Amino acid sequence: MSKRLRSILTPIIAVLLGIIVGTIIMLVSGYNPVDAYTALWNGAFGDVYYTGEVIRQVTPYILAGLAVAFAFRVGLFNIGVEGQFIVGWLAAVWVGVAFDLPKVIHLPLAIIAAMVAGGLWAFIPGLLKARFRVHEVIVTIMMNYTALHTVNYIIRTKLNQGSAKTGMIHESASLRSPWLQELTTHSTMHWGIMIAIACCFIMWFLLEKTTRGFELRAVGFNQDAAHYAGMSVNKNIILSMVISGAFAGIAGAMEGLGTFGYMAVQGGFTGVGFNGIAVALLGGNTALGVFFSALLFGSLKIGALSMPLEAGVPKELVDIIIALIVFFVASSYIIRVVLDRFSKKGVK
Amino acid sequence: MKKRKIGMALSLVLAAGTLLGACGKSDTNKPADTSKGGDKEKAFSVAMVTDVGGVDDKSFNQSAWEGLKDFGKDNGLKKGKGGFDYAQSTSDADYSTNLNTLARQGFDLVYGIGFLMHAAVDEISQQQAKSKFAIVDDEVKQPNVASIMFKEQEAAFLAGVAAALQTKTNHIGFIGGMKIPVIERFESGFLAGVKAAKPEAKVDVQYSGAFDKAELGGTIASKMYSTGADVIFHAAGATGNGLFKEAGDLKKKDPSREIWAIGVDRDQNDMGPDVVLTSAMKRVDVAVKDLSTKAKDGKFPGGQTTTYGLQEDGVGLAPINSKASNKDAIDKAVKEWVEKIKSGAIKVPGTLEELKTFSAK
């Protein structure tokens with residue numbers, strides 16, 4: 001069997017296995033899986049409103065997934081997407097609130113601010129990794145907490161507009177569009193999805209079609225070989241973290257400029273960054289894969305909101321199914337072995 | 001050949017899924033049908049959206065849900081569409097989707113529980129102008145939104161009095177959730193209560209920064225108890241569950257030690273019958289039920305803010321634990337202060353700013 005086919009089949013089988021085990025769990029706990037999955041489907045695509053919501057949810061997932069996937073391709077595990085996401089969100093909202101500019105300047109400026117903030121936040125672990133070989137996982141996890149509490153502090157003390165949240169961004173920085181909202185009967189869908197798709201393309205182009213991308217991937221495959229070939233491993237490590245952080249920052253800007261239009265004090269992590277890890281994993285760390293797996297996670301997430309009401313199934317079950325999918329993707333080795341068995345028998 | 005094998009494997013998997021799905025359906029079909037037959041006549045239906053704490057947070061959201069269930073029971077409603085129900089949020093982004101979904105499902109009145117939902121309620125109420133909404137703990141100025149506020153400081157004040165009279169070490173703890181106006185009302189009321197009853201007692205104030213982190217609550221409580229505090233009050237939602245666990249564990253290890261915790265929002269005696277001294281009750285359930293009844297009778301206070309205080313029985317102090325050594329003294333003192341607050345003789349400070357100038361005399 002071709003490698004390509006196998007890399008497509010593995011995640012699909014993982015998803016199916018996740019759904020099947022989810023069905024069994026529902027049966028065991030006395031819920032009706034057909035009702036549950038119907039509610040899940042209708043809750044995501046049964047109404048144009050819900051489809052709008054799904055697209056809104058998918059937008060940050062794509063970008064967070066890209067952020068994780070990009071670093072992963074260079075052999076780095078960026079767990080700090082959540083933190084970079086949060087600082088990006090704040091930076092975008094700050095620009096959106098503090099300035100009053102024409103839309104053509106204001107909106108890009110807010111997004112660039114988020115990119116820079118996310119990139120800077122990821123630069124630190126990148127630098128520490130390149131210079132002192134400090135493991136990026138540890139640094140990024142710690143920097144998630146630093147981001148959360150620093151941003152909460154800034155919102156509470158500097159940007160507070162009552163009720164522990166910032167003011168609304170100016171219309172000129174907003175990604176929202178009355179037309180899209182009209183189209184989806186008042187969903188919170190916004191233009192961010194276009195940016196997310198553009199970013200998918202940028203990531204693909206950067207990694208697959210440029211010299212820099214070749215270097216980055218080479219470092220990911222084998223640092224020593226890349227070094228021997230005359231590439232600067234350290235420079236590429238820092239660069240990949242910064243780009244990864246920039247993607248995460250844009251994801252934050254999507255929430256700040258599109259979904260919410262403000263930023264409130266966060267009681268805990270939003271989970272977008274961590275879901276990004278699952279998205280990247282399921283998507284096989286490729287741009288197209290990330291797009292589709294973000295679509296799956298986004299529709300599961302939004303569809304799940306309707307499950308308790310329509311089918312009486314607790315929405316935690318969807319979390320279980322997502323967890324199972326991640327589990328099966330992570331254990332894709334088993335799936336691969338089984339697939340190989342099948343194909344070998346076929347040859348005989 | 002290869003592909004056929006894979007195809008077979010896939011179709012087997014699919015078939016298994018459908019089969020399993022099918023047998024589930026036949027199991028549960030009948031009860032589902034009967035329940036649907038019940039709600040044919042259009043009754044007044046209510047629903048609520050929880051914040052990230054969830055409906056089983058043992059405090060704020062749960063209290064609101066108990067109020068809804070109570071309202072449903074009194075009016076012969078069933079859980080589900082056309083009756084009463086809730087939607088749970090796992091992140092801030094879920095609020096508008098949940099509010100919108102419930103309004104679309106035709107619920108007559110939809111509650112947003114918690115100040116975090118302010119922006120979402122404001123926006124959705126304008127889009128769904130025909131539906132009625134209500135928000136707890138914040139004010140939304142829209143004609144189809146009723147706002148519910150509480151004088152948390154009055155309940156917290158009484159809790160402060162109880163804590164001050166019970167403490168032996170003159171060292172009391174306060175664990176807050178997030179630093180937001182609601183919790184500030186709890187904090188300033190509590191501090192004022194302690195000050196009024198025992199000015200020399202010291203209160204250690206700490207914020208956990210979250211409403212859903214029980215382990216964090218446990219850590220803070222453990223530190224407070226080990227540095228000499230013997231009564232701790234929490235206003236931290238599910239984070240406070242860690243306090244009860246910590247207090248219960250300490251009490252189990254050394255039953256003779258004086259360890260007390262004070263609950264919040266609802267009577268949290270069930271969280272630790274041996275260690276819960278009392279609870280500063282914020283009767284979200286009473287308010288939710290009251291407002292639902294008003295709305296059902298066509299007296300929906302849209303665009304207005306209803307404030308529930310001691311006077312309206314919207315806040316209060318739960319019965320003092322009978323194992324408390326100073327129960328009689330506390331009961332007596334609490335009764336006196338309730339009179340004073342109700343009569344308006346003293347005004348409990350609602351902000352830390354007001355607390356500075358507060359004097360109980």
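Leu16(A) is found in helix α1 (residues 3-28) of chain A, where helices (H or I, at least four residues) and strands (E, at least two) are DSSP runs numbered from the N terminus. The model is predicted: local features need pLDDT of at least 70, side-chain atom pairs count only at pLDDT 80 or more, and totals for chains, interfaces and linings use all residues. Residues are numbered from 1 along each chain as its sequence is written, while chains are lettered from A and ligands numbered from 1 in the order in which they are written.

**Selected residues of chain A**

- Leu16(A) is partly exposed, because 17 other C-beta atoms lie within 10 Å; a residue is buried if 20 or more other C-beta atoms lie within 10 Å of its own, exposed if 12 or fewer, and partly exposed in between, with C-beta atoms placed from the backbone.
- Although Leu16(A) and Ile325(A) are 309 residues apart along the chain, their C-alpha atoms are separated by 8.1 Å.
- Gly312(A) sits in the loop between α13 (287-311) and α14 of chain A.
- Gly312(A) counts as partly exposed because it has 18 C-beta neighbours inside 10 Å.

**Helix packing around α12 of chain A**

- Helix α12 (residues 272-282) and helix α14 (residues 316-330) of chain A pack at an angle of about 45°, with their axes 10 Å apart; axes are lines fitted to C-alpha atoms, for helices over the stretch in contact, and angles run from 0 to 180 degrees between N-to-C directions.
- α12(A) and α14(A) are therefore oblique to each other, given that angles under 35 degrees count as roughly parallel, over 145 as roughly antiparallel, 65 to 115 as roughly perpendicular and the rest as oblique.
- The crossing of α12(A) past α14(A) is left-handed; a crossing has this hand if the near helix is turned anticlockwise from the far one by less than a right angle, and is right-handed if clockwise.
- In this pair, Ala278(A), Leu281(A) and Leu282(A) of α12(A) meet Ile322(A), Ile325(A), Val326(A), Val329(A) and Ala330(A) of α14(A); two residues are in contact if their C-beta atoms, placed from the backbone, lie within 7 Å.
- The residues of the α12(A) and α14(A) contact comprise eight nonpolar, no polar and no charged; Ala, Val, Leu, Ile, Met, Phe, Trp, Tyr, Cys and Pro count as nonpolar, Asp, Glu, Lys and Arg as charged, and the others, Gly among them, as polar.
- Helix α3 (residues 48-73) of chain A packs with α12(A) at an angle of about 65°, their axes being 7 Å apart, and the crossing is right-handed.
- Residues of α3(A) that meet α12(A) include Pro60(A), Tyr61(A) and Phe72(A), and those of α12(A) include Val272(A), Gly273(A) and Asn275(A).
- The contact of α3(A) with α12(A) divides into eleven nonpolar, four polar and no charged residues.

**The α8 and α11 pair of chain A**

- The axes of helix α8 (residues 192-209) and helix α11 (residues 233-260) of chain A come within 10 Å and cross at roughly 170°, and α8(A) and α11(A) are therefore roughly antiparallel to each other.
- Gly192(A), Ile195(A) and Cys199(A) in α8(A) meet Phe247(A), Ile250(A), Met254(A) and Gly258(A) in α11(A).
- This contact of α8(A) with α11(A) has five nonpolar, two polar and no charged residues.

**Chain B: overall fold and domains**

- Chain B contains eleven helices and twelve strands, and 54% of its 361 residues count as buried.
- Of the contacts in chain B between residues at least 6 apart in sequence, 71% join residues at least 24 apart.
- Domain 1 (46-150 + 287-295) and domain 2 (166-279 + 326-356) are assigned in chain B, the bounds coming from an automatic or database domain assignment.
- The contact between them takes ten residues from domain 1 of chain B and 13 residues from domain 2 of chain B.

**Chain B: local features**

- In helix α4 (residues 118-127) of chain B, the buried residues are His118(B), Ala119(B), Ala120(B), Val121(B), Ile124(B) and Ser125(B).
- Their cover includes α3 (94-104), β3 (109-113), β4 (132-136) and β5 (145-150) of chain B.
- Asp137(B), in the loop between β4 and β5 of chain B, has a positive phi near 80°.
- Asp137(B) counts as buried because it has 25 C-beta neighbours inside 10 Å.
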